[in-house]
Amino acid sequence: MSVVVTAVFRPAQGKKDQLREALRSSIPAVHEEEGCLLYAIHDAEDGTITMLEKWTTAELLEAHAKGPAVEALDAAVAPFLASPTIVTKMAPIPAGTDEQGLL
């Protein structure tokens with residue numbers, strides 16, 4: 001079963017543009033990882049940047065979490081964060097159609 005993840009990044013005061021660019025530059029390496037179905041950043045209304053992720057399996061997500069792409073991402077964003085990133089793992093609950101009811 002696939003795994004969906006949100007990672008919420010809270011930028012330090014005046015550092016949102018730098019955080020956005022650090023995240024943007026780190027994404028291509030993750031897109032190359034086995035099991036990555038979605039890894040996309042979004043501006044949130046509360047001023048945070050939220051990463052939406054989808055992985056084919058929990059095992060491949062764990063490999064990603066321990067891998068060099070995350071290590072590089074963490075180092076790139078660290079100077080621009082006001083607080084630690086909040087990561088939430090979720091299991092899909094299918095409802096309705098596959099296109100509309102399943103991420």
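Modeller: Rings of Phe, Tyr and Trp count as a pair if their centres lie within 6.5 Å, and planes over 60 degrees apart count as edge-to-face. We shall apply this to the structure above, which is a predicted model.

Biologist: How many aromatic pairs does a search of the whole structure find?

Modeller: A pair of aromatic rings is described by the distance of the centres and the angle of the planes. Here the search of the whole structure finds 1 aromatic pair. Its partners are Tyr39 and Trp55, with 6.4 Å centre to centre and 80° between the planes, so the pair is edge-to-face.

Biologist: Which parts of the chain does this pair tie together?

Modeller: Tyr39 belongs to strand 2 (residues 36-43) and Trp55 to strand 3 (residues 49-55), so the pair ties together parts that are 16 residues apart in sequence.

Biologist: Are Tyr39 and Trp55 buried or exposed?

Modeller: Both Tyr39 and Trp55 are buried.

Biologist: Which residues of the largest nonpolar core touch the most other members?

Modeller: In soluble globular proteins, nonpolar side chains tend to be buried together. In this model the largest nonpolar core has 19 residues, and those touching the most other members are Phe9, Leu19, Leu23, Tyr39, Trp55 and Val77. Two or more residues each come from strand 1, helix 1, strand 2, strand 3 and helix 3. Helix 1 gives the largest share of this core, with 5 residues.

Biologist: How should I read the packing of two helices, and at what angle do the axes of helix 1 and helix 3 cross?

Modeller: Two packed helices are described by the angle between their axes and the distance between the axes. The axes of helix 1 (residues 16-31) and helix 3 (residues 68-77) come within 9 Å, and they cross at roughly 170°. Angles over 145 degrees count as roughly antiparallel, and helix 1 and helix 3 are therefore roughly antiparallel to each other.

Biologist: Which residues meet in this contact?

Modeller: From helix 1 come Leu19, Ala22, Leu23, Ser26, Ala29 and Val30, and they meet Ala69, Leu73, Ala76 and Val77 of helix 3. The residues of this contact divide into 9 nonpolar, 1 polar and no charged. Take Val77 as an example: leaving aside residues up to four places away in sequence, it touches Phe9, Leu19, Ala22 and Leu23.

Biologist: What does Ala22 touch beyond its sequence neighbours?

Modeller: Ala22, found in helix 1, touches Ala76, Val77 and Phe80, not counting residues up to four places away in sequence. Ala22 has a relative accessible area of 8% and is buried, because buried means under 20%. Ala22 and Ala78 are 56 residues apart in sequence, yet their C-alpha atoms are 9.3 Å apart in space.

Biologist: Where does Leu103 lie, and what does Leu103 touch?

Modeller: Leu103 lies in the segment after helix 4 (98-101). With residues up to four places away in sequence left out, Leu103 touches Val4, Leu38 and Lys54. Leu103 and Val4 are 99 residues apart in sequence and 7.7 Å apart in space, C-alpha to C-alpha. At 47% relative accessibility, Leu103 counts as partly exposed.

Key
Residues are numbered from 1 along each chain as its sequence is written. This is a predicted model: local features need pLDDT of at least 70, side-chain atom pairs count only at pLDDT 80 or more; totals for chains, interfaces and linings use all residues. Side-chain values use heavy atoms; hydrogens and water are left out. Rings of Phe, Tyr and Trp (its six-membered ring) pair if their centres lie within 6.5 Å; planes under 30 degrees apart count as stacked, over 60 as edge-to-face and the rest as tilted. Helices (H or I, at least four residues) and strands (E, at least two) are DSSP runs, numbered from the N terminus. Buried means under 20% relative accessible area, exposed over 50%, partly exposed in between (1.4 Å probe, protein chains only). Axes are lines fitted to C-alpha atoms, for helices over the stretch in contact, and angles run from 0 to 180 degrees between N-to-C directions. Angles under 35 degrees count as roughly parallel, over 145 as roughly antiparallel, 65 to 115 as roughly perpendicular and the rest as oblique. Contact means heavy atoms within 4.5 Å. Ala, Val, Leu, Ile, Met, Phe, Trp, Tyr, Cys and Pro count as nonpolar, Asp, Glu, Lys and Arg as charged, and the others, Gly among them, as polar. A nonpolar core is a set of buried Ala, Val, Leu, Ile, Met, Phe, Trp, Tyr and Cys residues joined through side-chain atoms within 4.5 Å.
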